Amino acid sequence: MTQSQLTDLPESKLPQSNAVPAYEGPTSRKDNWWVEPFLIAFVFTAFGIYATGRAIENNLYEVGPYLSPFYSPNLKEFVPWWPLSPAFLILWIPLSFRATCYYYRKAYYRSYFMHPPACTVGMFKGKGYTGEQSFPFVLQNLHRYAFYVATPVLLILWWDAIKTLYYDGSFHMSVLTLVMIANCILLSGYTFGCHACRHIVGGKEDCFSCPSNESKVKPAFQAWQLVTKFNERHQQWAWTSLFSVALTDLYIRYTCVDPNIAFQLF
Amino acid sequence: MPESNGRQATLKVYRGTKDKGEFQSYKVPVEAGMVVLDAIHYIQQNFDPELAVRWNCKAAKCGSCSAEVNGMPSLMCKSRMDSFKDGEDICVQPIKTFPIIKDLVTDVSWNYEVNKKIKAFSPSPDADWTIYQEDIERVQEFRKCIECFLCQNVCHVLRDHERKDNFMGPRFMVRVAGLEMHPLDEANRMKYLKDEGHIGYCNITKCCTEVCPEDIHITDNAIIPLKERVVDEFYDPLGKFIRGVLGGGKKK
């Protein structure tokens, strides 16, 4: 008689989910549960096509002090031997960060893998499922490493935005600069509200007061509280920063064609 | 029951056992403030006293009246009748993941078997029991759990993939999180979480959080922090090396 480690019950005594006559078909839900996963799949696919197209384009990404986030840091002079678009040397970093992000995992497991597409909608059944326990999804556990490499890229994007304020020996301001700064704010809210960041700065502690065991200001607790504030809106940061990075790139692309649309304020 | 304002609802209620049964329709007068559990009681009192339903407090605190209302797991005592449209059929089924005993009553005893294998709270014998609020706040959220098992019911790993042989489910990850994050607990349940509770089966689709009647942020505050702790122990060689050099990590 075989027995799992989880309980002392023999396999034959494990309960089974109810099937017909109480349950028939994938779900009893009557609402439009399919709308959300469909929209998410549509937007992800559209973003993926756009980003890939822009990376392949390998043109119209830099004008004056402005540099597209898809091509930042600008590596074309550092790796002249690289035969493809330099964007491919960079895009794997935000891609790996977003692909292993706990929010995006929920979104694409539902939308692309339909595991499950919505709550109580059982498209796939059977015991073959192993989730993130085995390859390739066990690699999701490397999310914190993606966070480590995404953070310097974010700092470089901040530098890209700030350097558009001062060039040719004087201060400048344009609508495009404001867009780049807004993009950095949204990306920062997303990056520093990440669950891995929340764990690293203090979530891993069981006791914020130990070992001194006295109630005073504790840096780990304060850092954890701050990241938690961002983390509570992680989904919103994820979406707004995804749109902002694409729109910033699009704006810079058209500014390369017509520099007047940067709308120089001074 | 107060006088009806003339509005009626049609409830389609599952009647039968795991192997044999059907949905039966009942017309029930709707009153202000009425919940689905009231409608079920009306059916018991007026049409069918043999309708089986488990309930106790009618205040969303005992976790007994879990069911699926129009396909969504919910407590019948928290499902307001005025949230349904006029003329809409209201389908009431037992929870799917655990075997039906009769009508709306299911056998959830598997959960108690899982619970037995979790290492209990283990403070040091010489622990200082002065506890500050900031150290206990996270754990207090988990203590709100009323064990309605709606999260276990909605979890697709248990519900659709039948991994009751290997996967502990969200309820017990909440319990483990409450123990692991307790400032005085000294046990280490990481190996248990990874190799027996199989936390890796969870693909964080957040349905457990969506259905929790106590609004516990199961995924963000319990499961993901536990996953990160499992990463600390088993999937982060760099972090482990740094901790080895600098020290850190509290548990055996």
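Author: Gladly! Let's begin with the salt bridge: a side-chain nitrogen of Lys or Arg within 4 Å of a carboxyl oxygen of Asp or Glu. This is a predicted model, in which local features need pLDDT of at least 70 and side-chain atom pairs count only at pLDDT 80 or more, while totals for chains, interfaces and linings use all residues. Residues are numbered from 1 along each chain as its sequence is written, chains are lettered from A and ligands numbered from 1 in the order in which they are written, and side-chain values use heavy atoms, leaving out hydrogens and water.

Reader: Where do B:Asp236 and A:Arg144 lie?

Author: Helices (H or I, at least four residues) and strands (E, at least two) are DSSP runs, numbered from the N terminus. B:Asp236 sits in the loop between α9 (218-234) and α10 of chain B, and A:Arg144 in helix α4 of chain A, so the pair joins two chains.

Reader: Is B:Asp236 buried or exposed?

Author: Buried means under 20% relative accessible area, exposed over 50%, and partly exposed in between (1.4 Å probe, protein chains only). B:Asp236 is buried because its relative accessible area is 4%. A:Arg144 also counts as buried, at 2%.

Reader: What does A:Arg253 pair with in a salt bridge?

Author: Its partner is A:Glu57, at 2.6 Å from N to O. The pair links distant parts of the chain, with A:Arg253 in helix α8 (residues 234-257) and A:Glu57 in helix α1 (residues 35-57) of chain A, 196 residues apart. A:Arg253 is buried, at 19%, whereas A:Glu57 is partly exposed, at 29%. Both belong to a network of salt bridges that also links A:Arg54 and A:Asp249.

Reader: How many residues does the contact take from chain A and from chain B?

Author: Contact means heavy atoms within 4.5 Å. Here 63 residues come from chain A and 82 residues from chain B. Buried area is the accessible area (1.4 Å probe) that two parts lose on being put together, summed over both. Between chain A and chain B this is about 6400 Å², with carbon and sulfur atoms giving 51%. A:Leu6, A:Tyr129 and A:Asp206 supply 12% of the area that chain A buries against chain B, more than any other three residues.

Reader: Which residues make the nonpolar surface patch?

Author: Patches are made of residues with over 30% relative accessible area and no salt bridge; like charges are joined within 9 Å, and nonpolar side chains (Val, Leu, Ile, Met, Phe, Trp, Tyr) within 5 Å. Accessible areas come from the Shrake-Rupley method with a 1.4 Å probe, and for residues only the protein chains shown count as cover. The patch of about 820 Å² is made by A:Trp92, A:Tyr148, A:Val149, B:Leu238, B:Phe241, B:Ile242, B:Val245 and B:Leu246. Its largest share, five residues, comes from α10(B). B:Leu238 lies in that helix and is partly exposed, at 43%.
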